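Please walk through the main features of this structure in plain terms.

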Amino acid sequence: MTTEQVLHKIYREESGKIISVLTKIFGATNLNLAEDVMQEAYIEALENWGNEIPQNPTAWFYSVARNKALNLINRNKYKEEYQNEVTHFLTSDWTADAALDQLFSEEEMKDNQLKMMFICCTPEISAEAQTTLILKTLCGFGIPEIAKAFLIAPDTINKRLVRARKILRSVNALFTWPEEDEINQKVSNVLQTIYLLFNESYNTSQGDSIIRYELCLESVRLVQLILDSDQVKSKSEANALMALMKLNAARFISRLSEDNEAITLENQDRSKWNQSLIGSGIQNLNKSMYENQLSKYLIMAAISANHCAAKTYAETRWDQILNLYDQLIRIEDSPIVQLNRSVAKSMVEKIQK
């Protein structure tokens, strides 16, 4: 890979972690500062790496971001808006290094990324802006990439981000865990946003298929953060959504032709289905069922599991799928659910003739 490709890969994989730490330092209302520091680190890498990549490029990124954040805090340490429990330790020569080491530890970054998801899913922000904010701040996607994936003008994406940041300031968003009795509802809101992100990237038949597949994988990564968290006690809904995404993503490649045209389920080459991902999805489905908490994700995952279990289209258990759609309609009676149920019903009637 070229230096620029290596740099882009690191930025995609690490920027969400770093921005979440920087947001904890500067506060959610100063999200733009965290993004600016990360962008400055990226530009510095472009200017200094040349054809010689550092021996540990990820560590280089972390070091530069840490130093830039510390310099900014020290320059602004008397401004009240930056003063909090974290910056108190960073402005002292005695405690700064230890505080930074803790902030950039793997466990702390996981925790901070989950807090960032709660911030991105602030109720006052529109659903479209929530997904855009998550992609930009937590997944390392640039505005042109997001626009290309969703077939939206870059200027529209930028306006969404500007409005979202303004809302965070207006509601005085805090970089904290929700109260214990609010966590389950907050997690449900986050999962809904991730589901919308996954659904948009998975079901859109136009756009860049490579970028859209990356969006699917990012959705999986974000839900895994929830599953790994000790703060989230009930994991049933998260496991169900994880199962749904894995079972669907396992069939991603077979859904598109070389010309990026959609291939119907009946005509897909099932040998291309990712059996490892299917097996992992089934494990998540079983974990969700063990908690005995019904959700729309659980039913949809069970439907997808039925499709994955069929060796051929003709062997699909349409009777089971119809029964699952009957249950899903009681939770979410939408036009798309009604349409899919009608397909399952017609297949059952066809088999019975």
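Gly16 is part of helix α1, which covers residues 3–26. The model is predicted, and the values here are computed from it. The relative accessible area of Gly16 is 2%. Since buried means under 20%, Gly16 is therefore counted as buried. What does Gly16 touch, leaving aside its neighbours within four places in sequence? Its contacts are Gln113, Thr137 and Leu138. Met116 also belongs in this picture: from C-alpha to C-alpha, Gly16 and Met116 are 9.1 Å apart in space, while 100 residues separate them in sequence.

Next comes a pair of helices. Helix α13 spans residues 275–290 and helix α14 spans residues 296–309. Their axes come within 11 Å of each other and cross at roughly 140°. The angle is taken between N-to-C directions on a scale from 0 to 180 degrees. As for handedness, α13 and α14 make a left-handed crossing. Which residues form the meeting of the two helices? On the α13 side they are Ile278, Ile282, Leu285, Ser288 and Met289; on the α14 side they are Leu298, Ala301, Ala302, Ala305 and Cys308.

Val343 sits in helix α16, residues 335–352. With a relative accessible area of 37%, Val343 is partly exposed. A residue needs over 30% relative accessible area to be part of a patch, so Val343, at 37%, passes that cut-off.

Methods: Residues are numbered from 1 along each chain as its sequence is written. This is a predicted model: local features need pLDDT of at least 70, side-chain atom pairs count only at pLDDT 80 or more; totals for chains, interfaces and linings use all residues. Side-chain values use heavy atoms; hydrogens and water are left out. Helices (H or I, at least four residues) and strands (E, at least two) are DSSP runs, numbered from the N terminus. Buried means under 20% relative accessible area, exposed over 50%, partly exposed in between (1.4 Å probe, protein chains only). A crossing is left-handed if the near helix is turned anticlockwise from the far one by less than a right angle, and right-handed if clockwise. Contact means heavy atoms within 4.5 Å.
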